Amino acid sequence: GSGLGAADAGLPRRYEPSVRAMLGKISPGGSFLVTGGSDCSIRYWDFMSAQRCGVVAGLSPGQHKPYYDAMNVDDAQLYVCRDTAVPPPETVMPSKLPVQQQKGPLPPPTGHQDAIMDLKLLRLPLRCVISASRDGVIKAWK
């Protein structure tokens, strides 16, 4: 073999989001994990309930919230984040506003615009998560 990978051979490369930062707590009173990564999203994982898991920040305007599923694998419970299926266009009710009134300024993004590289939990002076992205932006989340 010549050692050529898919990118070297000119083939399209499939984008796979990756986790770049994690913080968490494991205790009898409750365990959680917060992750951030290349998809610019911050996710909260509750080890007691998949229903309490969710995206804290990073969803694009109009992007459907993913859902979280718990499944048993061997003797362990695995939590999985799954994209919500987008409904077919024929099931979405069209707006009754004229096209020129549907347009408007988009709100500025609240999440990061580049991969999240680090997460820290602050307890004092207020409890929040601090995130830092590859482009040098640091944000605080309550």
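Colleague: How many helices and strands are there in the protein chain?

Modeller: The protein chain has one helix and nine strands. Helices (H or I, at least four residues) and strands (E, at least two) are DSSP runs, numbered from the N terminus. This is a predicted model, where local features need pLDDT of at least 70, side-chain atom pairs count only at pLDDT 80 or more, and totals for chains, interfaces and linings use all residues. Residues are numbered from 1 along each chain as its sequence is written, and side-chain values use heavy atoms, with hydrogens and water left out.

Colleague: And what pattern does the chain follow along the sequence?

Modeller: Along the sequence, the pattern reads β-β-β-β-β-β-α-β-β-β.

Colleague: Which way do E5 and E6 run?

Modeller: Strand E5 (residues 67-73) and strand E6 (residues 76-82) run antiparallel, joined by seven bridges. Strands count as paired if DSSP finds at least two bridges between them. Tyrosine 67 has arginine 82 in E6 as its bridge partner.

Colleague: What's in the turn of that hairpin?

Modeller: Two residues lie between E5 and E6, and aspartate 74 in the turn has a positive phi of about 55°.

Colleague: Changing topic: which residues make up the largest nonpolar core?

Modeller: Ten residues: Ala21, Leu23, Phe32, Val34, Ile42, Ala57, Ile116, Leu119, Val129 and Trp141. Two or more of them come from each of strand E1 (19-25), strand E2 (32-37) and strand E7 (116-122). Apart from that core lies another of five residues, including Trp45, Cys53, Tyr68 and Tyr79. A nonpolar core here is a set of buried Ala, Val, Leu, Ile, Met, Phe, Trp, Tyr and Cys residues joined through side-chain atoms within 4.5 Å. Buried means under 20% relative accessible area, exposed over 50%, partly exposed in between (1.4 Å probe, protein chains only).

Colleague: What does alanine 21 touch?

Modeller: Not counting residues up to four places away in sequence, alanine 21 touches Val34, Thr35, Gly36, Ile116, Met117, Asp118 and Leu119. Contact means heavy atoms within 4.5 Å.

Colleague: Is glycine 54 buried or exposed?

Modeller: Glycine 54 is buried, because its relative accessible area is 18%. This glycine 54 sits in strand E4 (residues 54-57). Leaving aside neighbours within four places in sequence, glycine 54 is in contact with Ile42, Arg43, Tyr44 and Tyr68.

Colleague: How many residues apart are glycine 54 and tyrosine 68 in sequence?

Modeller: They are 14 residues apart in sequence, and 7.3 Å apart in space, C-alpha to C-alpha.

Colleague: Last one: what share of the protein chain is buried?

Modeller: Buried residues make up 24% of its 142 residues.
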